[in-house]
Amino acid sequence: MKKRKLEVVVISDVHLGSLNCHADELNTYLHSIEPKKLILNGDILDVGQFNKRYFPKSHMKVIRKIMALSTKGTQVFFITGNRDEVLRKLSGTSMGNIHIVDKLVLQLDGKKAWFFHGDVFDNPFLNINWLAKLGSLGYQLLFSFNKFTNYIYYKSGKKRPTLSLTSKENAITTYINDFEEFSVKMAVRKHYDYVVCGHLHHPKKERYKIRDSHCTYLNSGDWVKNLTSLEYNFKRWKIYRYQHDKLSPFLWTWNCGKWICKNFLNS
């Protein structure tokens, strides 16, 4: 399969080393693209859940694929997050095409994009560190329980129920709204056209207008529940959804004697 060439790809909240990580799907996605820049926007490693007895080959393959992309010319920017904050001690370090940073600013077709994970905004609203830890533990328990009940229903031949795993997000809905509003206001103040975050596990693309200024808020989601990334190509951003878009969100079609890019999928 021919790989899709992209200007920028942003992934975040992969949580390698945890039970919830969809490493196989991420590997498939990474093998389908050829980005000029790959931005790992925090929480790629889940150091809080890291256990030397649990780090499957599929998780290691993600790391190897990222390194392989860098050796082939892709500029990889590893932006530190709260789950892999131990790497903040290495901020400013570069190893070939791999760069470890706390935040990043890029010029994209004459517009400025501001990238950061987002945990820096936790404290201004409320101290949710304890809630995040509790939510992570609860998520692990729900995930394990869901697999067990699905197995029981499969063996009994009954239709399995849908178990919601979004309790953590529902518990901090107000925080999410405040986070988006505050990040956009900060971006406008700094004269950025895009503000690109992770952290919330909530993929989103929305254009805001604050007074006479416009700013587009983007969140890359996660590879735990949503399996999403952000792709920048042809001077626009798209939310890539693995379960919906599969491997071809940008398609080419012949029209009026020339090839043009046409996107048949949802943003």
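Predicted model: local features only at pLDDT ≥ 70, side-chain atom pairs only at ≥ 80, totals over all residues.
Residues are numbered from 1 along each chain as its sequence is written, and side-chain values use heavy atoms, with hydrogens and water left out. Local features need pLDDT of at least 70 and side-chain atom pairs count only at pLDDT 80 or more, while totals for chains, interfaces and linings use all residues.

In H1, Ala23, Leu26, Asn27, Tyr29 and Leu30 are buried, where buried means under 20% relative accessible area with a 1.4 Å probe and protein chains only. Because these residues cover an arc of only 160° around the axis, they sit on the same side of H1, the arc being that of the directions from the helix axis to the C-beta atoms. An α-helix has 3.6 residues a turn, so residues three or four places apart point the same way. The buried residues of H1 pack against several elements, including strand E1 (4-11), strand E2 (33-41) and H2.

Now to Glu180, which is found in helix H6, residues 173-189. Is Glu180 buried or exposed? Glu180 is buried, with a relative accessible area of 3%. Its side chain makes a polar contact with the side chain of Tyr208 at 3.3 Å. Leaving aside neighbours within four places in sequence, Glu180 is in contact (heavy atoms within 4.5 Å) with His202, Lys204, Tyr208 and Tyr217.

Technical notes. Helix = DSSP H or I, 4+ residues; strand = E, 2+ residues; numbered from the N terminus. Buried < 20%, exposed > 50% of the residue type's maximum accessible area, 1.4 Å probe, protein only. Polar contact = N/O pair within 3.5 Å; in protein donor to acceptor, adjacent residues only side chain to side chain.
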